Amino acid sequence: MSKNMTGVSSVLDVLPHDMGLRVELDTNETYYLKSGWMGRWDGIYGIACGYGDCDGCSWFRDENQGRIAIMNSHVKLAVPWEEPETKTTKEMLEAERKAVNE
């Protein structure tokens, strides 16, 4: 993919914003953004929930998640990814299922 801003922006226009976004940078770093991210002419904006480099991948705890801006000029690849379910989400769904079945 071209690293110019027009190329990245046009790709971001067709990606689903209701899924997470994996963004690989020209520094060989990868950021994982939660759903609801936003692509603008100058960059990608969202909430980072994970980070990866040559040493592996780290998932942030909720209190460590933070807003991030990634400049389009550093993006090598941006693709959607499925956000993993958290334990809290699983517990809530199970409680809802039990309530419906009672």
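Over which residues does pLDDT stay under 50? In this predicted model, the stretch is residues 1-6. The model has 12 contacts beyond four places in sequence for these residues. Where pLDDT is low, the predicted coordinates should not be read in detail. For the protein as a whole, the mean pLDDT is 81. A value of 70 or more is reached by 75% of the residues.

The largest nonpolar core contains 16 residues. Those with the most contacts inside this core are Leu12, Leu21, Val23, Leu33, Ile44 and Val75. Two or more core residues come from each of helix H1 (5-14), strand E1 (20-25), strand E2 (30-33), strand E4 (43-53), strand E6 (66-71) and strand E7 (75-81). Neighbours within four places in sequence are left aside here. Leu21 then touches Leu12, Leu15, Leu33 and Ile44, among others. Its partners also include the aromatic residues Tyr31, Tyr32, Trp37 and Trp81. Ala78, Val79 and Pro80 are in contact with Leu21 as well.

Aromatic pairing was searched over the whole structure, and 4 pairs were found. One of them joins Tyr32 and Trp59. The ring centres are 4.9 Å apart and the planes meet at 50°, so this pair is tilted. Tyr32 belongs to strand E2 and Trp59 to strand E5 (residues 56-59); the pair therefore ties together parts 27 residues apart in sequence. Tyr32 is buried, at 15% relative accessible area. Trp59 is partly exposed, at 46%.

Trp59 also pairs with Trp81. This second pair is tilted too, with 5.5 Å from centre to centre and 35° between the planes. Trp81 lies in strand E7 and Trp59 in strand E5, so the pair ties together parts that are 22 residues apart in sequence. Trp81 is buried, with a relative accessible area of 11%.

A polar residue was considered next. Asp42 sits in the loop between strand E3 (38-39) and strand E4. Its relative accessibility is 14%, so Asp42 counts as buried. The side chain of Asp42 makes a polar contact of 2.8 Å with the side chain of Tyr45. Beyond four places in sequence, Asp42 is in contact with Ile70, Met71 and Asn72.

Notes. Residues numbered from 1 in each chain as written. Predicted model: local features only at pLDDT ≥ 70, side-chain atom pairs only at ≥ 80, totals over all residues. Heavy atoms only, no water. Core = buried A, V, L, I, M, F, W, Y, C linked by side-chain atoms within 4.5 Å. Buried < 20%, exposed > 50% of the residue type's maximum accessible area, 1.4 Å probe, protein only. Helix = DSSP H or I, 4+ residues; strand = E, 2+ residues; numbered from the N terminus. Contact = heavy atoms within 4.5 Å. pLDDT = per-residue confidence, 0-100. Phe/Tyr/Trp six-rings, centres within 6.5 Å; stacked < 30°, edge-to-face > 60°. Polar contact = N/O pair within 3.5 Å; in protein donor to acceptor, adjacent residues only side chain to side chain.
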